[in-house]
Amino acid sequence: MIEIDLEKDGVRGVNSRLHALPKDTNERHWLIRNPMGQHAIACGLDAPITVEVAGHAGFYCGGMNKEAEILIHGHAGPGVAENMMSGIVRVDGNASQSAGATGNGGLLVIKGDAASRCGISMKGINIVVGGSVGHMSAFMAQSGHLVVCGDAGEALGDSIYEARLYVRGKADSLGADCIEKEMTDHHLAKLARLLDEAEIKANPKDFRRFGSARKLYNFNIDHADAY
Amino acid sequence: MCGIVGLYLKNPKLQPKLGQLFKPMLIEMTSRGPDSAGVAIYRNPAKKGFTKFSLAHDDAKFAWKKLAAALKAHTKKQVSAEQIGNHAILTTNAREEAVTAWLKAHYPDVRVVGSGQAIEIFKETGLPEKVYEKFDLAKAKGSHIIGHTRMATESAVTTAGSHPFATGADLCLVHNGSLSNHNRLRENLKREGLEFQTENDTEVAAAYMTWKLRQGASLKETLEDGIKDMDGFYTFCVGTHDGFAVVRDPIACKHAILAETDDWVAMATEFRAIAHLPGADKAKIWEPAPQTIYNWGGH
């Protein structure tokens with residue numbers, strides 16, 4: 001494992017070293033010490049490497065990730081794994097707002113709670129939260145899965161398109177065009193796989209499924225009140 | 001933008017180091033607010049019957065001793081003044097209303113930036129590091145402290161427009177965000193007899209709180225009503241006699257983070273401000289929920 005001191009090298013220094021790695025690199029395991037809540041740590045990675053962040057990260061940690069596995073041993077600030085394309089980001093602690101925002105692919109696991117707007121505008125990412133999520137989570141979610149092992153705050157899935165939401169606890173309220181849907185064997189199997197990948201123990205049968213009623217796709221004067 | 005930071009020491013053994021612990025917190029928020037900075041520190045509580053006034057004047061050579069002597073002659077009460085930067089801490093057992101009325105009549109250029117038993121407010125334009133040095137805060141001892149670094153968005157960069165804003169005895173407010181209904185609210189509060197020094201939106205929030213508290217509302221009730229009456233984006237940190245409170249608007253876009261250990265509780269706009277504290281790596285860290293009042297201390 002290669003250790004880098006972020007306090008010494010700075011965010012730009014650390015990220016430059018990680019960006020310079022070819023996809024077939026032998027330097028596959030990195031540890032970033034002293035993250036000190038700095039922003040944009042391990043952003044824009046594009047190689048199948050493992051990067052551990054030894055402490056709390058600031059904004060946008062692991063953003064735009066492709067292929068890498070990023071392990072944050074602490075809290076993650078706003079926008080963790082935003083616009084992730086593939087790979088895995090795991091957060092040991094809680095996450096601030098907008099976790100996994102606009103993510104296209106990959107898996108984001110938050111062991112603790114995620115604050116508001118978790119999975120906002122998600123486009124294919126899978127997000128598994130061990131605790132609860134705040135208000136406006138999965139706002140305008142387009143595809144992918146959001147799994148919440150705790151509760152969801154107000155307006156879950158507001159203006160949702162095709163993402164699938166699984167919540168074990170209660171949802172304070174559902175946003176516009178978000179409805180509860182039947183949990184079929186197909187959904188139970190997918191949820192079991194997601195929990196397995198996330199390494200979170202929970203019984204898929206305890207979850208409820210939410211998704212789009214598909215009434216707000218196009219402007220319809222009869223639905224003007226719902227906008 | 002703007003950055004707000006607060007530190008409340010649960011472990012009294014750390015109190016001699018309050019200013020030293022807080023310095024990197026405030027300075028880390030310089031990039032969010034390089035225009036001006038301010039702090040409210042709670043220390044050296046005045047004796048029973050005495051009030052401490054935090055006073056400011058634009059002239060760094062202002063004759064505070066002369067002012068204190070004149071006030072003493074006028075009130076026949078005990079008065080002392082200690083100059084710190086271009087501020088002074090005036091301690092007296094004269095009646096609070098009498099002191100403010102006398103200052104307004106005789107020294108209209110002197111601004112009362114805060115008052116109470118323990119609170120001392122210092123604020124000034126310039127980089128946070130310079131402001132901290134100016135008021136010799138690195139050596140300050142005390143129980144808790146809140147601070148603000150300002151990047152002005154809706155009113156002028158002046159000392160009067162800097163935070164914290166006093167909201168009553170030993171109470172003050174720092175704000176990250178912007179209020180959208182402050183003009184209307186200011187007019188309403190003027191009709192209730194409140195006076196304003198600036199066009200600043202946070203001054204309106206402070207005046208609103210002053211008005212509510214004067215009517216007998218508790219701090220909790222004041223903040224709950226504030227959520228209903230104040231429109232806009234805000235994370236507020238309110239310094240109280242024995243702690244601080246944090247509240248966010250219902251949308252909660254303006255960043256905020258809380259961290260707690262056995263020794264301290266800290267709040268900041270960004271975690272990197274808290275990262276410097278001893279034990280921050282093992283702290284419990286979470287983002288405060290919207291419309292929820294978090295309170296440390298006895299209020």
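How many residues of chain A are in contact with chain B?

## Where the chains meet

This is a predicted model, in which local features need pLDDT of at least 70 and side-chain atom pairs count only at pLDDT 80 or more, while totals for chains, interfaces and linings use all residues. Residues are numbered from 1 along each chain as its sequence is written, and chains are lettered from A and ligands numbered from 1 in the order in which they are written.

As for the count, 18 residues of chain A touch 14 residues of chain B (in contact means C-beta atoms, placed from the backbone, within 7 Å). On chain A, that side has 14 polar, 3 nonpolar and 1 charged residues (Asp, Glu, Lys and Arg are charged; Ala, Val, Leu, Ile, Met, Phe, Trp, Tyr, Cys and Pro are nonpolar; the others, Gly among them, are polar).

## A sheet in chain B

Chain B has 8 helices and 16 strands (DSSP runs numbered from the N terminus: H or I of at least four residues for helices, E of at least two for strands). Four of the strands make an open antiparallel sheet in the order β4-β5-β3-β6 (strands pair if DSSP finds at least two bridges between them). At its edges stand β4 (79–84) and β6 (111–116) of chain B, each with a single partner, so one side of each has no neighbour in the sheet.

Now zoom in on one pair: β4(B) and β5 (residues 87–92) of chain B run antiparallel, joined by 6 bridges. Here Ala81(B) sits opposite Leu90(B).

Methods: Two residues are in contact if their C-beta atoms, placed from the backbone, lie within 7 Å.
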